[in-house]
Amino acid sequence: LPQGFAFRAERPAEGDAAQAPAEFRATLSAEGRARLTGPLADARMAELAQSLAQARFGADSVTLATRIDPDGLPEGWSLRVLAGLDALSRLAQGSVVVTPDALAVRGRSGDAGAREAIAAALSEALGAGAEATIDVAYDEALDPLAALPS
């Protein structure tokens, strides 16, 4: 490190990890690269999430940085993760955050109806009472139809 900088690494105490709420995060960069982080129920679910992401974003465009946590996840976690990945696939760039209480989708899309399509898909997958926040902006520069002559 350059002079004047210091580095100190500390391992969190075992009790700290148990107190933190579970959070799965999937991000999609403007270059089309997807990164999945956070807890999943088991190895089979990790393979399923990776396969879905690779099918939607490309096999070479997915980075899986998840961990297996069979005991600390709420019921329906896997379904929420898969619904979140499906929602992310409808964006050009953005993120999905799944927590025990909610699912948040944020990003940009070249599809003017992406917000409504995501809301309908999440409602169908998770049920009408599911807590979901959708903050998706339409970006005309990403719309392949906007550049066509009228």
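Hi everyone, let's start with Glu-10, which is exposed at 58% relative accessibility; exposed here means over 50% relative accessible area, buried under 20%, and partly exposed in between, with a 1.4 Å probe and protein chains only. Before going on, please keep in mind that this is a predicted model, where local features need pLDDT of at least 70, side-chain atom pairs count only at pLDDT 80 or more, and totals for chains, interfaces and linings use all residues. Residues are numbered from 1 along each chain as its sequence is written, and side-chain values use heavy atoms, with hydrogens and water left out.

So what does Glu-10 pair with? Its salt-bridge partner is Arg-8, and the closest N and O atoms are 2.2 Å apart. By salt bridge I mean a side-chain nitrogen of Lys or Arg within 4 Å of a carboxyl oxygen of Asp or Glu. Arg-8 is exposed too, at 68% relative accessibility.

How many salt bridges does the structure hold? There are five. One of them joins Asp-139 to Arg-108, with 2.4 Å between the closest N and O atoms. That pair links distant parts of the chain, 31 residues apart: Asp-139 lies in the segment after β6 (132–138), and Arg-108 in strand β5 (residues 103–109). Helices (H or I, at least four residues) and strands (E, at least two) are DSSP runs, numbered from the N terminus. Arg-108 is partly exposed, at 33%.

Another salt bridge connects Asp-86 with Arg-90, at 3.4 Å between the closest N and O atoms. Together with Arg-56, these two residues form a network of salt bridges.

Now to the surface. Leu-1, Phe-5 and Phe-7 make a nonpolar patch there, with about 470 Å² of accessible area together. Patch residues have over 30% relative accessible area and no salt bridge; like charges are joined within 9 Å, and nonpolar side chains (Val, Leu, Ile, Met, Phe, Trp, Tyr) within 5 Å. The areas come from the Shrake-Rupley method with a 1.4 Å probe, and for residues only the protein chains shown count as cover. Phe-7, in the segment before α1 (14–19), is exposed at 69%.

Finally, the inside. The largest nonpolar core has 31 residues, and Phe-24, Leu-36 and Val-105 are among those with the most contacts inside it. Such a core is a set of buried Ala, Val, Leu, Ile, Met, Phe, Trp, Tyr and Cys residues joined through side-chain atoms within 4.5 Å.
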